[in-house]
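My notes follow in the order in which I looked.

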Amino acid sequence: MHHDLFLELSVVLATAAGISVVARLLKQPLIIAYIATGVIIGPAMFGYLKEPEAIESFGKFGIALLLFIVGLGLNIKAVKEVG
């Protein structure tokens, strides 16, 4: 059975949101919640994401999102000093 990529993405995001709420209540860093989401959703535990193409797509999306978030936190003055 072929899963729709957007359906898989919405399940991953919903799971991450739920685990993030629990992590916030337990006063844990969100990175732990995101790692737990990857372990739960990935092929190691419940195996929701079984196709290697889908896992690769999510990995690329995650790296792009991480780079975007890091870019938002950059200080322009620090970049000018280094550059």
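What volume does the largest pocket have? I read about 710 Å³ for the largest pocket, where a pocket is an open set of points on a 1 Å grid over the protein atoms alone, where a 1.4 Å probe fits, with protein on both sides within 12 Å along at least five of seven lines; the volume is the space filled by probe spheres set on the points, which are joined across faces, edges and corners.

Before going on I noted that this is a predicted model, in which local features need pLDDT of at least 70 and side-chain atom pairs count only at pLDDT 80 or more, while totals for chains, interfaces and linings use all residues. Residues are numbered from 1 along each chain as its sequence is written, and side-chain values use heavy atoms, with hydrogens and water left out.

I found 22 residues lining the largest pocket, and the closest to its centre are Val12, Tyr34, Phe58, Gly62 and Leu65 (a lining residue has an atom within 4 Å of a point). α1 (5-25), α2 (30-41) and α3 (52-72) each give two or more residues to this lining, and α3 gives the most, with nine; helices here are DSSP runs of H or I, at least four residues long, numbered from the N terminus.

**Core**

Which residues make up the largest nonpolar core? I listed five: Val12, Ile41, Leu49, Ala54 and Phe58, a core being a set of buried Ala, Val, Leu, Ile, Met, Phe, Trp, Tyr and Cys residues joined through side-chain atoms within 4.5 Å. Val12, in helix α1, counts as buried because its relative accessibility is 17% (buried is under 20% relative accessible area, exposed over 50%, partly exposed in between, with a 1.4 Å probe and protein chains only). Leaving aside neighbours within four places in sequence, Val12 is in contact with Thr37, Ile41, Leu49 and Phe58, contact meaning heavy atoms within 4.5 Å.

**Exposed residues**

Is Lys27 buried or exposed? Lys27, in the loop between α1 and α2, is exposed because its relative accessibility is 74%, and its phi is near 55 degrees, a positive value in a residue other than glycine. Most residues other than glycine have a negative phi. Phe6, in helix α1, is also exposed, at 65%.

**Confidence**

Confidence is lowest in helix α4 (residues 76-82), at a mean of 74, and highest in α1, at 87.

Note on methods:
pLDDT = per-residue confidence, 0-100.
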